[in-house]
Each structure stands twice: as structure tokens, then as C-alpha cells.
Amino acid sequence: MKVLIQRVKRASVTINSKKISEIGNGLLVLLGVEKGDEAINADKLADKLVHLRIFEDENEKMNKSLLDINGEMLIVSQFTLCGDCKKGTRPSFDKSAPPQIANELYEYFIEKVKEYSVPVQTGRFGAMMDVELINEGPVTFMIEK
């Protein structure tokens, strides 16, 4: 699994000109599922993200987690994170999990995050989405599990 996470002041997902989800202060998580990924990957990733200390404390140091700030999470499926651009000029998606498996692990990951009592909003798996955000910092990390 690969995730691109962005610390945001707010973020939203719009499909066909209709806003379907929105969060305030928290994390926008773009999630890519690769062949061979399993539930254990999602378990570890969910735990890592809710505890990752990337929010500022009173001394302006990255010392607080999503849980510490009572933040929200917007989780969006993003299969292009699994794209390989090493050869040629067209990405290869051979590493991407098949849609059924990817959707199952995406939904599983969402439920794992909710177990930490984090307010979660989502995109729609497989849909063409407009993702809007205000990246705070900017702070962005790529994590693979």
C-alpha cells in the first residue's frame, strides 16, 4: 500500500459538480493498493497515520498526531500512486491490485481508521473525482507499507 498524505486546513471531494464529502483540520489521504497487499498492511498503515506526529504543538514543532488534535481524515482511492514511470513515457499500472481487491482493502482501511474514533470522510472508489484542498504548511508525506 502506498499513501500520499497531506496535512490540510480543509479538503473535499466533488463528483459531477456535487460535493460528496468534506473535512476540516486533518489529513487528506490518497491511498493506492498494490498486488500482494493484505489486511495487515492496512492495519499497520491506519495505526501509523493516526499516530504520526506531523501537527504543530505550541512551540511550532511537529509533535502532535491526528488523535492529539482531534482531526479528521478524508480518504480517497488513488490507483495512480501504484503507477511505474521508470520506463518510457506512459505509466505502467502492472503493480496495481485488481479493482475488486483494491476496493475491499480500501473499505477495510476506512473501517480500521474509524476504530480509532477518527471522523472519516471518503471519496468514491473508481469514480472521477475533483479533490480540493488547502495544504497546511505545505506538509506532504509519501508512506509505503
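Buried means under 20% relative accessible area, exposed over 50%, and partly exposed in between, with a 1.4 Å probe and protein chains only. This is a predicted model, in which local features need pLDDT of at least 70 and side-chain atom pairs count only at pLDDT 80 or more, while totals for chains, interfaces and linings use all residues. Residues are numbered from 1 along each chain as its sequence is written, and side-chain values use heavy atoms, with hydrogens and water left out.

**View 1. The protein chain as a whole.** The protein chain holds two helices and eight strands; these are DSSP runs (helices: H or I, at least four residues; strands: E, at least two), numbered from the N terminus. From the N terminus on, their order is β-β-β-α-β-β-β-α-β-β. The radius of gyration is 15 Å, close to the 15 Å that the globule rule gives for 145 residues, so the chain is as compact as a globular protein of that length. The radius is taken over C-alpha atoms, and the globule rule is 2.2 Å times the number of residues to the power 0.38. Of the 145 residues, 40% count as buried.

**View 2. Helix α1 and its buried face.** Helix α1 covers residues 39-51 and spans 19 Å from its first C-alpha to its last, close to the expected 18 Å; the expected span is 1.5 Å times one less than the number of residues. Asn41, Ala42, Leu45, Ala46, Leu49 and Val50 of α1 are buried. Seen down the axis of α1, its buried residues fall within an arc of 145 degrees, so they line one face of the helix. The arc is that of the directions from the helix axis to the C-beta atoms. These buried residues pack against several elements, including β1 (2-15), β6 (72-77) and α2 (99-114).

**View 3. Lys19 and Glu22.** A salt bridge (a side-chain nitrogen of Lys or Arg within 4 Å of a carboxyl oxygen of Asp or Glu) joins the side chains of Lys19 and Glu22, at 3.6 Å from N to O. Lys19 is partly exposed, at 46% relative accessible area, and Glu22 is partly exposed too, at 43%.

**View 4. The network around Lys112.** Salt bridges link Asp43, Lys112 and Glu115 in a network. Between Lys112 and Asp43 the closest N and O atoms are 3.8 Å apart. This pair links distant parts of the chain, with Lys112 in helix α2 and Asp43 in helix α1, 69 residues apart. Between Lys112 and Glu115 the closest N and O atoms are 3.1 Å apart. Lys112 counts as buried at 18% relative accessibility, Asp43 as partly exposed at 23%, and Glu115 as exposed at 56%.

Conventions:
Contact means heavy atoms within 4.5 Å.
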